[in-house]
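The following note sets out numbered points for discussion. Please read each one beside the model.

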Amino acid sequence: TSAITGEGIPDMLMLVVELTQKMMNERLMFISELQCTVLEVKVIDGLGTTIDVILSNGVLHEGSTIAVCGMDGPIVTTIRALLTPKPLRELRVKGDYIHFKSVKAAMGVKICGQNLEKAIAGSQLMVITPEDDPEDIKEEVMLDFKKVMGQVERTGRGVYVQASTLGSLEALVTYLKSVKIPVSGLNIGPVHKKDVMKASAMLEHRREFATVLAFDVKVVQEARDLAEEMGVRIFTADIIYHLFDQFTEYMEEVVRARRQEVADEAVFPCILRIIPQFIINKKDPIIVGVDVVEGILKVGTPLVIPAKDHLELGRVASLEVNKKPVDMAKRGQSVSVKITQRISDPPRSYGRHFDYRDELISKLSRESIDLLKENFKDDLSKEEWLLVVRLKKV
């Protein structure tokens with residue numbers, strides 16, 4: 001809404017509709033071919049499950065056989081009643097309805113019929129005539145839903161997505177795919193316990209994906225309670241970007257926690273050269289100045305000497321640059337490094353077991369490389385990954 005004029009999007013839409021009615025009145029054309037979209041699925045006292053539809057073109061008759069898209073497949077049923085609200089009343093407001101034998105476009109109408117519980121809002125509705133092949137009509141009404149389902153990960157790894165209509169579900173799934181967030185399952189309508197159960201399957205594979213992204217839908221209290229009990233996160237929003245921001249923030253928290261958890265086991269590759277003028281302490285803890293020849297030196301890195309049959313020196317306890325502690329040093333930097341040994345390790349000392357002519361490298365194992373790939377893949381450059389390959393072969 002404009003802070004100056006007080007006008008907003010509703011006013012702009014009203015202007016577009018008004019101009020269309022005034023200036024394009026003669027060009028408006030009625031088309032007999034049916035064009036009808038399911039707007040909402042509702043349970044009405046005394047009527048059972050009904051669907052509110054927008055009839056854009058064509059005619060609907062009471063007693064006609066229709067086909068709509070359903071969560072478990074196409075739904076074929078007979079129109080038992082065509083209802084509209086009284087004049088100047090909205091279709092979704094409870095009250096008495098006017099009963100019609102047939103309705104003509106364009107208008108909103110409520111349809112009563114059997115087996116409409118799993119009809120999908122936002123999908124198209126089609127009439128099956130005696131000349132039509134029912135199987136072809138069934139396949140056609142399911143096309144949009146199959147298109148959305150085609151974007152679900154075949155591996156079954158990803159977040160669980162829930163939206164109010166087929167259109168909003170497609171928009172959300174397409175957006176998640178564009179930002180490379182995999183989708184393992186989806187549903188339309190309020191979030192129930194069964195949806196939380198489906199999302200909880202990710203707890204065994206990737207806990208961060210044990211989430212439900214609920215776009216423009218309600219979450220029943222039972223589902224919230226079960227999610228809290230099982231450790232499944234539910235994110236709700238009426239705007240797709242807000243939903244994405246919530247999930248992104250959550251993912252960043254998960255990544256930070258996981259990195260802290262595996263920080264001691266994930267070893268970064270590095271090659272060090274001892275600076276002979278800066279030998280501060282020769283025995284445990286060994287304190288020497290080094291040049292980082294290649295890679296990244298971090299606190300906690302285990303160091304070995306390849307020229308001495310991979311003699312283990314210990315782990316980096318701390319790093320200092322100009323008497324200031326740092327967490328890491330990169331290629332081209334010179335740092336003071338403090339190396340500590342475990343009590344169970346045999347003592348090592350500078351001058352007896354090694355000297356400035358020996359290169360020091362980080363000790364890499366299959367497990368540490370796997371942890372690097374899983375948690376720090378983007379932190380290493382292409383050259384540093386090549387260094388991992390080289391040191392693994394040493």
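1. L15 is part of helix 1 (residues 9–23); helices here are DSSP runs of H or I with at least four residues, and strands are E runs of at least two, numbered from the N terminus. The model is predicted, so local features need pLDDT of at least 70 and side-chain atom pairs pLDDT 80 or more, while totals for chains, interfaces and linings use all residues. Residues are numbered from 1 along each chain as its sequence is written, and side-chain values use heavy atoms, without hydrogens and water.

2. L15 has a relative accessible area of 47% and is therefore partly exposed (buried is under 20%, exposed over 50%, partly exposed in between; 1.4 Å probe, protein chains only).

3. An open sheet contains eight strands in the order 5-4-10-1-2-9-6-7, paired antiparallel; pairing requires at least two DSSP bridges between two strands. Its edges are strand 5 (75–78) and strand 7 (97–100), each pairing on one side only.

4. Strand 4 (residues 65–68) and strand 10 (residues 124–128) are antiparallel and joined by four bridges. T65 has I128 as its bridge partner in strand 10.

5. Strand 15 (residues 270–281) runs antiparallel to strand 16 (residues 286–298), with seven bridges between them, and a hairpin of four residues connects strand 15 to strand 16. Within this pair, I274 is bridged to V290 of strand 16.

6. Strand 15 also pairs with strand 22 (residues 359–362), in the antiparallel sense, over three bridges. Here L272 has L360 as its bridge partner in strand 22.
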